[in-house]
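Subject: Structure handover

Hello,

Here is the structure I promised to pass on. Please open it alongside this note.

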Amino acid sequence: MKYDVIVIGSGPGGYVAAIRASQLGMKAAVVERDAVGGVCLNWGCIPTKALLKSAQVYNYCANASHYGVEIAGDVKPDFAKIVARSRTVADTMSKGVQFLLKKNNIDVLAGHGRILGKGRVSVDGTEYEAGHIVIATGARPREMPFMPIDGKRIISSREALALAELPQSMVVVGSGAIGSEFAYLYATLGVKVTIVEYMPQIMPLEDEEVAKTMERAFRKLRATVMTSTTVKAVRTTDVGCEVDVEGKKGLETLTADMVLSAVGIQANIENLGLEEAGVAVERGKIVVDEFYRTNVEGIYAIGDVIPTPALAHVASAEALCCVDAIAGQNPLPVDYSTIPSCVFTSPEVASVGMTEKQAADAGIEYKVGRFPFTASGKATAAGDREGFVKLIFDADEKLIGAHLVGANVTEVLSEPALAKRLGLKAHAMISAIHAHPTMYEGVAEAAEAAVGKAVHL
């Protein structure tokens, strides 16, 4: 059978590419060797957020007396039911993607896809033709030689999503979004968590002030945070794991029931026929241009297999741009300076644009405006006063960065993300009337503080 577009992979990049192709009048198919929806829907973003919601509910119940609510008896997490709920949520979303693909008349070709050459794809031995082939095979957890994942004692994020029972203790290696979210989850549920981070701050990609706030938040959960610390070796024993680390105290050995490796991801580009097809690869990533064309005509790549931020929403944006270009729609290239980033810990972390350090290192003249949630009526009423909004403007008062930490700030980020995309200045953000009482009032307050027009504080 011949298609206009065959997409290999059905994650947030792949299924979006296929649907856009169909919407533009092209006959499209997706190849998927596992569950439709990819890692994000099945073993990543979605089930993780379901687990984190359960942890949040548990925390509210455990602290209900602060809100004038008395709960009789002990509040205990039922981890088996928490995991079961997350799997139900993931299955529901995967079925939703299946429905969308069917609704848009997209064929799902079950099996492993391999490029045989220009315009030819094999799926478990069955050959198909396509005018355009889009590679969207995503990534998997990176495995380090000194920390071999066995799925039992030394685990990746996939195993961490569906443990049979809660361990007593866990060492989390890496404090990016994945490591931080699981550290929060397990610490909230009572596990003794130690976070080991190679860089000088946790959440290394975030603004320094945000990282310091989150380090305090983890310590409140009785988690141990070790920064500027290198993991030398991880060994399994009959009762758990031993982790040799070198940090501020020199060499020491940590012990725990489990070790979670959260040290990044590795692109799924093996056994796709890339070498035979002549597709260029550098440092484990497929080389593409601004419209995701590889060096081989008719072959494209999007998402985690290319050297752009490995985020679901980035893959979706790249999918739309890629397919629009295929269809001759003349799209604008994706603006990577306006990519929002979210970490769903408690408090949440959300950011877009430059950090203060990046602005300083670039020699940009800038102004900073901050609004602490301790001054927010909504945050005070909700009992979530931790955190702040931090906005960074250039000399012309144009927004160049936003960094938020606090309750529900991943939802608040939309305004500064749009302001950054549109090149808005502080006065535009201030003049927009913000509903009261809300958390997102903090955006206007921070903008006012940056330009010396604050009236509420």
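Below are notes on helix packing and aromatic rings.

First, the ground rules. This is a predicted model: local features need pLDDT of at least 70, side-chain atom pairs count only at pLDDT 80 or more, and totals for chains, interfaces and linings use all residues. Residues are numbered from 1 along each chain as its sequence is written, and side-chain values use heavy atoms, with hydrogens and water left out.

**Helix α3 against α4**

Helices are DSSP runs of H or I with at least four residues, numbered from the N terminus. Helix α3 covers residues 45-62 and helix α4 covers residues 79-103. Their axes come within 8 Å and cross at roughly 145 degrees. Axes are lines fitted to C-alpha atoms over the stretch in contact, and angles run from 0 to 180 degrees between N-to-C directions. The crossing of α3 with α4 is right-handed; that is, the near helix is turned clockwise from the far one by less than a right angle, whereas anticlockwise is left-handed.

Contact means heavy atoms within 4.5 Å. On the α3 side, I46, P47, A50, L51, K53 and S54 take part. Their partners in α4 include I82, V83, R85 and M93.

**Helix α3 against α6**

Here the angle is about 35 degrees and the axes are 9 Å apart. This crossing of α3 and α6 is left-handed. Residues of α3 that meet α6 include L51, L52 and Y58. From α6 come E181, F182, Y184, L185 and T188.

**Aromatic rings**

The whole structure holds five aromatic pairs. Rings of Phe, Tyr and Trp (its six-membered ring) pair if their centres lie within 6.5 Å; planes under 30 degrees apart count as stacked, over 60 as edge-to-face and the rest as tilted.

F79 and Y186 have ring centres 5.9 Å apart and planes at 50 degrees, so this pair is tilted. F79 is in α4 and Y186 in α6 (residues 177-188), 107 residues apart. F182 and Y186 have centres 6.4 Å apart and planes at 20 degrees, so they are stacked. Both lie in α6, four residues apart, about one turn of the helix. F79, F182 and Y186 form one aromatic cluster.

Both F79 and Y186 are buried. Buried means under 20% relative accessible area (1.4 Å probe, protein chains only), with exposed over 50% and partly exposed in between. F182 is buried too, at 3%.

Best wishes

Note on methods:
Helix = DSSP H or I, 4+ residues; strand = E, 2+ residues; numbered from the N terminus.
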